[in-house]
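Notebook open, structure loaded. I'm jotting down what I look up as I go.

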Amino acid sequence: MKNFIDSVVRTPGMLFMAILTTGFTINAGVQYLNGTNLEGPNLLAAGCLVVGQLALAVVHQMRRFGQDNKLTLQ
């Protein structure tokens, strides 16, 4: 499990997407506290980034698994 977590953390783009998600979430919280009713797009962007992170982690793990296991066709 530790190898999996280390691999996901080292995935290119994962940290950048996490920083963007945090920024959008904080911005949505500030918009909510100010009562401007404009927090929806920020929460949507943060949610899309979370889904993107999950997809990126899955694709990276599948790619890594494919590189580790050399299959030969006969």
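Predicted model: local features only at pLDDT ≥ 70, side-chain atom pairs only at ≥ 80, totals over all residues.

I started with the spot just after H2: Gly35 sits there with a positive phi of about 75°.

Next I went back along H2 itself. The helix runs over residues 14–34, 21 residues in total. From first C-alpha to last I get 30 Å, close to the 30 Å expected at 1.5 Å a residue.

Then I checked burial along H2. Which residues of H2 are buried? I find Met14, Met17, Thr21 and Ala28. They share one side of H2, because the arc they cover around the axis is only 60°. On the other side of H2 I noted Leu15, Phe16, Ile19, Ile26, Leu33 and Asn34, which are exposed.

Gln53 belongs to helix H3, residues 39–68. Is Gln53 buried or exposed? Its relative accessible area is 15%, and the cut-off for buried is under 20%, so I log Gln53 as buried. Leaving out residues up to four places away in sequence, Gln53 touches Met14, Met17, Ala18 and Thr21. Met14, Met17 and Thr21 are on my list of buried H2 residues too.

Last stop, the surface. I found a nonpolar patch of about 290 Å², made by Phe4, Ile5 and Val9. With a relative accessible area of 44%, Ile5 goes down as partly exposed.

Conventions: Residues numbered from 1 in each chain as written. Heavy atoms only, no water. Helix = DSSP H or I, 4+ residues; strand = E, 2+ residues; numbered from the N terminus. Expected span 1.5 Å × (residues − 1). Buried < 20%, exposed > 50% of the residue type's maximum accessible area, 1.4 Å probe, protein only. Arc of directions from axis to C-beta. Contact = heavy atoms within 4.5 Å. Patch = residues over 30% accessible without salt bridge, like charges linked within 9 Å, V, L, I, M, F, W, Y side chains within 5 Å. Areas by Shrake-Rupley, 256 points an atom, 1.4 Å probe, with all protein chains shown as cover. Salt bridge = Lys/Arg side-chain N within 4 Å of Asp/Glu carboxyl O.
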